[in-house]
Amino acid sequence: MFFAYRNIRRAAYVPALMDVPLTASYQSLPFPEQLASGVLRVCNLGRVDKEPFRTAPTHRLNGLLQTLASDVVVLRRPPADRESLVPQWLYCPADRSNPLPEKVFHRLLEAWAYDLRPEAEFGGDVRELVAELRELPPIWPDVDVPLLRTHQSDGGTAQPNELQYLLATDYFARRIQELEPYDTGTDLLRFRAVARGPRQQGAELMSQPLPYESGGNTWWFSVIINLTLHTVPFDSVPTLHLHLGLRRWATIPDVDSGKLRLGFGCDTSVYLRPTAPWLPDAPISDRYGIARLTWDRDAGEHRWRHGDPAGLLSRLALNRPFPLVSDLLSRPDRWIRRKSGIDALVVHNNRMRTKHGVAVGVMSHQRSRIVEWAEQALFPELVRVPDLLRSRSGPDAPANKRKDSSGEARARAEERNARARRISVGRTCAKWTESGIPVFEPRLLWQSEKTKTLAINGLIAALGLTGDGGAAGSDVHADLDQPLQLTWDTEELAVRLRCVRLVHGLGDGLGVDQKSKTRRDDHVAAFTRCRQRMAKFLTEDGASIAAPDLAVVELAPRKVFRNRENDPKFPLRLGSADVGVYTQFIADRVSAKFHSAKKDERRAIAVWMDGLRQRGASVVPIPQVSQGLPAETQYLAIWMASLRRDGPGRPARRFPIAVLVRPDSVGADAVLGWDLAAFQGVGAWTSYPRFLTRLPELANVRPEDVVNAEDEEWVSWSAHRKKMELRRRETERFVKKVLLSPEVKSRPTVLLAHSQNARQLWTWMQDGVVVKDMIRTGHTPEMELRPWLRLVRVRTGDQRETAQWWGIDNPSEVNGLAAGFWERTDDSADARVFYSTSAKPATFKDSAVEADKLTLRTIRRGERKGELTIDTAVPGWNPNLLEIAVVGCHPGDVPESIAMAVHQLRQAPDHLDALRLPLPLHLAALAQEYVLPLGTSEDDLEEDEEAAEDPSHEDEATTEEEADD
């Protein structure tokens, strides 16, 4: 029986008593350049034409220390303008014995010194530095650190310092380790600490590897607990989050090669823990260290990545050898079963193209039980935040909510929806028949007859058309390279589908040899050539930038191209956009191992549905709130699109995007995009499909920005800082110009921004900067909002910034999932922060909320009621907790009503499941695909396995199934 939860609980905790601050005592050590004056001199040898180092590069040494010394907390180098806030480098709890005896510490510094400048010409200088370091015994002064007492910003938000973000989480992680092991009913989970990387925040605990027998194989995985410290707008105290997830291990070698098949184009993490100290006289480490395997193009094999602990360890006399890569990849089970005197665990990721026997994710009930065990270690210094209460201020859904139905009622509803869709498409058309019926003329660029038929049927279903459009009557012996036009006529819309075979190898891979020394130049040339050929192909077929239209393009599945750089999708998309064609892609999956005809049909429908939305034929949710929000309110989304891939030597370039959604408008005026180059740089709003095709030109997309940045020259801190300040000024000017446009000023407008996406360039979106009911754009200081403007910032669970959650008080005692709009019970009358959750999507309907990955459970309902089962192979899915902060409004507004409207904007009627973001932000984010396709990064791949809160596509489902694009 369905149970409507009234409350949900978060794994979030705040200080119990701020007037009794929690303080911890540590031994600390300063950064190396403060230990010896010769450090910076050696670092700057030979840097004649480069900016000199002002601080010593300790990244590699940090990784080594985190691997060898479990009780040492290593702080990463803070930015130059904040270095005074973190004067020390290493911290060790005062009640622990020194994990780095003087002799061991000097050996590590010596290895690091030789690694700084390995060139033979600087050997004498390095030896002088080593001699200087030997004469300086490390002195660890005692220091007391307040872990949770923070300063407050001008807006009243807590502002933890760099030290507190790391030490507070480490303190409570140690407390969790001291608890009795967690009893799953089958195993006792014993958690150990994990060394944190330079970009990782907080602390992490990981259980021992657990086996799971399935399909004649033994699969391995671990449970992980992450602790992170966060802030909430206008809250005066910081919040600690506990996040639970899984990490899966790769242990099954490829049948053909006899080795693990690692992901191509990305590094693979390996977790290491020896049973004896790495170094003589060093303490044994109880912490997992992390090294990474990378592909060496010159050697044609995998090796330990330069810059990881493995490189420095090779310079030291070790008690045991570092694992050989060949042995680790060919016999991974030997290392996971501790038959080599060391744990060496290779992380499984999605690019390995091997289906793991353990599915991602932990469901809500089991998550709640493990969190309840762990939170014992947080009390009494911390208390759990009050539960969230379902809002009763008004309807939970938009006025035009999609209604679920079945049988004949469902068929009638689908017929009504298809008719509404035809009308919506017709309003975007620029051609009409002689009788005044709008004409829709999409293209289908196909390669296989099976996919061609599948796509045609998908269009018929999406628009509710009758018949095959004349396909059956076409000559089966006709030249396949000749275009075929299919025709349907309805009262609302005339459809003319032009089916054109994709010829001249346009659907093939780019043909870049990954082992070539000129790989980067080869990719740029192949990318440009593919883009130009696609533009020419479509121009010859009659495409025109004056009349943007849709093309569905068939490509082989991504795995066929082996690596991202050979995938032709992005150059084909840009070439199409160059001549006014916006694109959706469909793949031939008939040969897939888990092929399903029904699933393929739904996917084909989803492809056309997404294409129609790009055309501007979206069905916009119509928010319904009782009070506190002006009539005819429109919604403006700001999004920062990435223009090139991040690399260690270059910061990402961003391009601001603005999308305006008007719920009460129809046709092309319902969704608009900001063309910043219109009217000679003045800027103007244009239809969404025209905006998409303009984006590659507006953003000046370059093929060299698509290539991985591994060979890029390192950008100095000062140069990076200058560029960042310039981009921030440009972004704020962009926001100001958009807000002053007549279309925005003429109506009440809610400005939407995504915290994690916008705050780096629009700093007003940062917790420590924003002030209630104020805004800052351009060079002007912050000012009150204009009468027509409201400001809302949303935040997702990215980087664990919103807490994991579950429903409570179910009579069945199962902590499940609940969709709804939620308010805090600890707020004053001026509450500004609210939360939104969505229902479990159709693609995860088989994931039971009481699913157990660790032991057998009894099935409570259905045909198998009473049977025992285990859910290790069943994916676990938990909806994202979306934070909605109404940071700016006016007297007479009701912040809860504004937030409720934003929540309702996630429920687009033409989507089967709720969107991850409100529709305006969703559409703005989709424009990223015309600027730079962001494939999953290494960190994201591992995150899928670790937290798995939103497995492969998070909770942003499209229509009937996920689309190929």
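This is a predicted model: local features need pLDDT of at least 70, side-chain atom pairs count only at pLDDT 80 or more; totals for chains, interfaces and linings use all residues.

Student: How far apart are G394 and Q627 in sequence and in space?

Tutor: They are 233 residues apart in sequence, and 9.2 Å apart in space, going C-alpha to C-alpha.

Student: Okay, now helices. How do I read two that pack together?

Tutor: Two packed helices are described by the angle between their axes and the distance between the axes. Take α4 (residues 102-116) and α5 (residues 123-134): their axes come within 10 Å and cross at roughly 160 degrees. That makes α4 roughly antiparallel to α5, since angles over 145 degrees count that way. The crossing of α4 and α5 is right-handed.

Student: Which residues make the contact between α4 and α5?

Tutor: From α4 come H106, L109, E110, A113 and Y114, and from α5 come V126, R127, L129, V130, L133 and R134. Sorted by type, the residues of this contact are 7 nonpolar, 1 polar and 3 charged.

Student: And aromatic rings?

Tutor: A pair of aromatic rings is described by the distance of the centres and the angle of the planes. Here the count comes to 8 aromatic pairs. One of them is W674 with W685, at 5.2 Å centre to centre and 70 degrees between the planes, which is edge-to-face. W674 sits in strand β31 (residues 671-675) and W685 in strand β32 (residues 684-687), 11 residues apart.

Student: Are W674 and W685 buried or exposed?

Tutor: W674 is buried because its relative accessible area is 5%, and W685 is buried because its value is 12%. Elsewhere, Y182, F191 and W373 form one aromatic cluster.

Student: Last one: how many residues of helix α22 are buried?

Tutor: In α22 (residues 919-926), 6 of the 8 residues are buried, so to speak a mostly covered helix. The buried residues are L919, P920, L921, H922, L923 and A924. What covers them includes β29 (634-642), β30 (654-661), β31, α17 (688-698), β33 (749-754) and β36 (789-795).

Notes
Residues are numbered from 1 along each chain as its sequence is written. Side-chain values use heavy atoms; hydrogens and water are left out. Axes are lines fitted to C-alpha atoms, for helices over the stretch in contact, and angles run from 0 to 180 degrees between N-to-C directions. Helices (H or I, at least four residues) and strands (E, at least two) are DSSP runs, numbered from the N terminus. Angles under 35 degrees count as roughly parallel, over 145 as roughly antiparallel, 65 to 115 as roughly perpendicular and the rest as oblique. A crossing is left-handed if the near helix is turned anticlockwise from the far one by less than a right angle, and right-handed if clockwise. Contact means heavy atoms within 4.5 Å. Ala, Val, Leu, Ile, Met, Phe, Trp, Tyr, Cys and Pro count as nonpolar, Asp, Glu, Lys and Arg as charged, and the others, Gly among them, as polar. Rings of Phe, Tyr and Trp (its six-membered ring) pair if their centres lie within 6.5 Å; planes under 30 degrees apart count as stacked, over 60 as edge-to-face and the rest as tilted. Buried means under 20% relative accessible area, exposed over 50%, partly exposed in between (1.4 Å probe, protein chains only).
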